[in-house]
Amino acid sequence: MPKQVGNLTLYSVDDLHEQLGLSKMTIRAYLREGKIRARKLGVKWYVTEEALREYFNEPASGDSKSPKKKPKNYRYVVKGINDLVSEQEECETVDETIECIQEQAIISLFQVAIIDRETDEVTELIKARDFLDRYS
């Protein structure tokens with residue numbers, strides 16, 4: 001059963017598995033890839049009703065009208081994913097982020113934090129290669 005916190009309905013991976021008929025692995029992959037917006041609370045992922053609506057109302061990826069870039073209220077931080085790579089660079093635009101990623105010798109050692117400028121919260125953490133696939 002979804003959790004109700006005030007007027008906010010939160011769905012766990014188990015809830016989505018039951019209601020959508022998708023495997024838990026598939027749902028977790030969607031969450032990791034940012035296809036469905038979610039927040040981790042403790043060890044569990046939760047998805048809001050609004051995030052589900054966004055996912056189902058999103059235009060098909062092949063649709064020429066679908067936007068390729070995030071709105072301007074985001075900033076992007078390219079950073080190493082382990083102790084071997086401690087580099088970090090903040091970028092203002094998607095194009096600048098793509099350029100920064102492409103300058104790296106080993107792209108698989110980097111990830112991109114997409115940060116909301118208003119709240120300063122990380123809205124998504126995505127592998128550099130996936131970022132390039134999504135926005136190039």
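Is Glu87 buried, partly exposed or exposed? In this predicted model, Glu87 comes out as partly exposed, at 46% relative accessible area (buried means under 20%, exposed over 50%, partly exposed in between, with a 1.4 Å probe and protein chains only). Residues are numbered from 1 along each chain as its sequence is written. Local features need pLDDT of at least 70 and side-chain atom pairs pLDDT 80 or more, while totals for chains, interfaces and linings use all residues, and side-chain values use heavy atoms, leaving out hydrogens and water.

Glu87 sits in the loop between β5 (74–80) and β6 (88–91) (strands are DSSP E runs of at least two residues, helices H or I runs of at least four).

Turning to salt bridges (a Lys or Arg side-chain nitrogen within 4 Å of an Asp or Glu carboxyl oxygen), the whole structure has 10. One of them pairs Lys24 with Asp14, with the closest N and O atoms 2.9 Å apart. Lys24 belongs to helix α2 (residues 24–33) and Asp14 to helix α1 (residues 13–20), so this pair ties together parts 10 residues apart in sequence.

Glu124 and Arg134 also pair up, their closest N and O atoms being 2.7 Å apart. Here strand β8 is tied to helix α5 (residues 128–135), because Glu124 lies in the strand and Arg134 in the helix. Glu124 is buried at 8%, whereas Arg134 is partly exposed at 28%. Finally, Arg37, Glu50 and Glu54 are linked in a salt-bridge network.
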